Amino acid sequence: MKVIEADNVYPWEGKVRIPEEGEFVKLNEDKTISVPDTPIVPYIEGDGIGAEITPAMILVVNKAVEVAYNGSKRILWVELLAGDKAEEKTGERLPQETLEVLKESIIAIKGPLGTPVGKGAKSINSILRRSFDYYSAVRPVYWMGQPTPIPEPERVDLVVFRENTDDVYAGVEFFPGTEEAKRVREFLLKEMGAKEEGFPEDVGITVKPMSEFKTKRHVRKALRYALENNKKTVAVIGKGNIMKATEGAFINWAFEVAEEPEFKGRVITDPEAEPEEGQVKMVKVITDQMLMQLVLRPEAYDVIIAQNLNGDYVSDLAAALIGGPGFVPSGNIGDGYALFESTHGTAWDIAGKWIANPLSLTLSGAMMLEYMGWKEAAEKIYSAVRRTLADRVGTPDIVAGFQKIGIDAKAVSTLEYAREIIKRM
Ligand code: NAD
């Protein structure tokens, strides 16, 4: 990475460069992590605007760690290749070397990666998800002072836990008119009690599986998060009234988890009861109700536990409430393994202009610091970003948002924006 001066960044140079003075984050037997004072943290720049927002994120995270720990802690950033840059340098979109280092490093952060259309290429994001079983997509949504489409956006402060491996993500599809759809239809009609009226000859069929094991590990992760962070209300969503075997089962399994010894007494499920200190309340909300509630009463929920497809809808609506995906961080988290990433895409239309908003990736960096237990450094980023927005400084997209609501703001480039944030630490 030539665009920033930092002696703790190790760009890919013909191969991955692992600094001798660094140590990998350790995965403990109970799937928690132990973080050394000089951890090796891999980064993947990403395609499109990735090469611009990644250095901005590194600048901000580096400064936050320095200010919070006075030099006693330091990240060693190691570049791994994936996507277009990997193809250009190695001929492969996801080199084996990248997978090997990700396995060893446990945590990592990445910019957006595109999937070339029509070349038969597989999505690198889904290969990574499968390789490291990042089974929960975690998206905190909170307001930091940016322009938003709703009044009182401070009412939005919640975390969506979206299941990442099950449901339509693992589903199979049979396209209308194919031999496969015909055979599945016949099987359903002849052997499974399906009715002709629902399955005319021209149907397409999508099968969405949901598993007890996958649901329960995801729910446990969300409940642990809620308890550790003193959250009050956890909503489990789904269309359990319509899809009883899958989304209904998901909700039932979630409530079974609340009865497990780890949670019993700490997760309360009586709809009439109010949670006391050290307790969270778990409620069931039908997905369409939740979408409406998010707009009308977003303050009612602190954590939302969702399946894959419902989680997709809910996390995008929640992000829109506070100004869009450009302001929302995300983490893909499994048993210890975690990959943090920006929520928006590669934004090729503005790539190379140095006007991309680096906040989503920078806040993902802060989320990674929290996951590492470096909460003081994460806090430095949150308060500096709040100050920068309060001072009405932003990349052109942020400035345009302010201007739309009649507020003047100063436009700066991606890297200048990172420096404006740093100035306020
Ligand atoms: P996109 O997010 O790349 O772009 C949508 C619009 O938002 C564009 O006008 C873009 O300029 C703008 N935008 C996005 N991020 C911005 C930022 N940080 N600052 C300012 N403006 C920003 O969405 P898309 O066009 O649907 O997707 C493009 C590619 O990205 C696709 O190949 C898609 O698969 C990929 N993608 C990757 C990820 C990921 O890696 N996690 C996520 C979403 C999309």
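What is the area buried between domain 1 and domain 2, and what percentage of it do carbon and sulfur atoms give?

## Basis

This is a predicted model, in which local features need pLDDT of at least 70 and side-chain atom pairs count only at pLDDT 80 or more, while totals for chains, interfaces and linings use all residues. Residues are numbered from 1 along each chain as its sequence is written, and side-chain values use heavy atoms, with hydrogens and water left out.

## Domain interface

The chain is divided into domain 1 (1–142 + 329–425), domain 2 (149–166 + 210–321) and domain 3 (173–206), with bounds from an automatic or database domain assignment. About 1,400 Å² is buried between domain 1 and domain 2, and carbon and sulfur atoms give 48% of this area; buried area is the accessible area (1.4 Å probe) that two parts lose on being put together, summed over both. In domain 1, Tyr 135, Arg 139 and Val 141 lose the most area to domain 2, together 49% of what that side buries.

Between domain 1 and domain 2 the count is 2 salt bridges (a side-chain nitrogen of Lys or Arg within 4 Å of a carboxyl oxygen of Asp or Glu). The side chains of Arg 139 and Asp 316 form a salt bridge at 3.1 Å, N to O.

## Sheet

An open sheet of mixed pairing contains 12 strands, in the order S1-S5-S4-S6-S16-S15-S7-S8-S14-S11-S13-S12. Strands are DSSP runs (E, at least two residues), numbered from the N terminus, and two strands pair if DSSP finds at least two bridges between them. Strands S1 (9–10) and S12 (267–268) stand at the edges with a single partner strand each, so one side of each lacks a neighbour in the sheet. S12 pairs with S13 (residues 280–286) in the parallel sense over 2 bridges.

How values were computed. Helices (H or I, at least four residues) and strands (E, at least two) are DSSP runs, numbered from the N terminus.
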